[in-house]
Amino acid sequence: MAEYNPAMSDGKLTLLALDSATTGCSVCVWRGGDILAHDMREMARGQAEVLLPMTAQALIEADVAPEDIDAVAVTRGPGAFTGLRIALSAARAFALARAIPCIGVTTLEAVARAVPDAERDERVILAAVESKRDDIYAQLFSPAGDELSEPLAADGAALAGLFSWNERVLIVGDAAGRARDMLIEHAIAADLSAARPLPDPAVVAAIAAERFRPGDLSAPEPLYLRPPDATLPKAEGRRRP
């Protein structure tokens, strides 16, 4: 858990959490485990236009001034190449301006953590995030939430390779349906979680609070599991002589 810091409001850590890495845009103001403001919207594009207004409104709703924020939490991928950079850039800028920690959380651990205890029942948890390609972004977690694999971009064979034949599997994330179909093709049965398929900023904040270290101003890096689709033009864009 986060250690006490005299700068915290009433001794409680206050975080601003942002996410735009997948097909949503969300903001949360979180203090000592309490959610003071929370806004989640599904959108495939346009996050750059709405994230900052959403953030300003969340601070107003929470009655929290920017100088009361002790740290910023942000999803750092995997996800949409442009989308994840929107929230990451905003979070870094806010943290830099305030000289406070900026704490990165992956989309995969965020959706896995959101699975309710009642669903876990000694099942391994497969977090599956949409890549908009033939493969999906995936990571395996224990029923207790410990990482059992590295994040990877996986096709059906790679996904099936994460499991032993007798494991009970629960899948969560916006690519959960596709992941289950891939596993069924390899004779692996799995159930779908009823948890939210997109990262919840309140969960992102809770994970970040566990990692909070006063004075740690290192910037989180985006997590890319494949190179970007965009490439430099021939001759790196220079005109031909």
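The dialogue below takes these features in turn, in a predicted model.

Q: Which residues of the largest nonpolar core touch the most other members?

A: In soluble globular proteins, nonpolar side chains tend to be buried together. Here the largest nonpolar core has 27 residues, and L16, L18, V27, V29, L51, I69 and V74 touch the most other members. At least two residues of this core come from each of β1 (14-19), β2 (24-31), α1 (47-62), β4 (71-75) and α2 (81-98). The largest share, 8 residues, is supplied by α2.

Q: What does L16 touch, not counting residues up to four places away in sequence?

A: L16 touches V27, C28, V29, T55, I69, A71, V72, A73 and F94 on that count. Apart from this core lies another one, of 19 residues, with L126, L140, V169 and A176 among them.

Q: Which residues line the second largest pocket?

A: The lining consists of E109, A112, R113, R120, F141, A144, G145, E147, I207, E210 and R211. Two or more of these residues come from each of α3 (107-113) and α7 (201-211). By class, the lining has 4 nonpolar, 1 polar and 6 charged residues. The volume of this pocket is about 210 Å³.

Q: How many disulfides does a search of the whole structure find?

A: A disulfide is a covalent bond between the sulfur atoms of two cysteines. The search of the whole structure finds 0 disulfides.

Q: Is C25 buried or exposed?

A: Buried means under 20% relative accessible area. C25 counts as buried because its relative accessibility is 1%. C28 is also buried, with a relative accessible area of 0%.

Terms used:
Residues are numbered from 1 along each chain as its sequence is written. This is a predicted model: local features need pLDDT of at least 70, side-chain atom pairs count only at pLDDT 80 or more; totals for chains, interfaces and linings use all residues. Side-chain values use heavy atoms; hydrogens and water are left out. A nonpolar core is a set of buried Ala, Val, Leu, Ile, Met, Phe, Trp, Tyr and Cys residues joined through side-chain atoms within 4.5 Å. Buried means under 20% relative accessible area, exposed over 50%, partly exposed in between (1.4 Å probe, protein chains only). Helices (H or I, at least four residues) and strands (E, at least two) are DSSP runs, numbered from the N terminus. Contact means heavy atoms within 4.5 Å. On a 1 Å grid over the protein atoms alone, a cavity is a set of points where a 1.4 Å probe fits but cannot get out, and a pocket is an open set with protein on both sides within 12 Å along at least five of seven lines; lining residues have an atom within 4 Å of a point. Grid points are joined across faces, edges and corners, and a volume is the space filled by probe spheres set on the points. Ala, Val, Leu, Ile, Met, Phe, Trp, Tyr, Cys and Pro count as nonpolar, Asp, Glu, Lys and Arg as charged, and the others, Gly among them, as polar. A disulfide is a pair of cysteine sulfur atoms within 2.5 Å.
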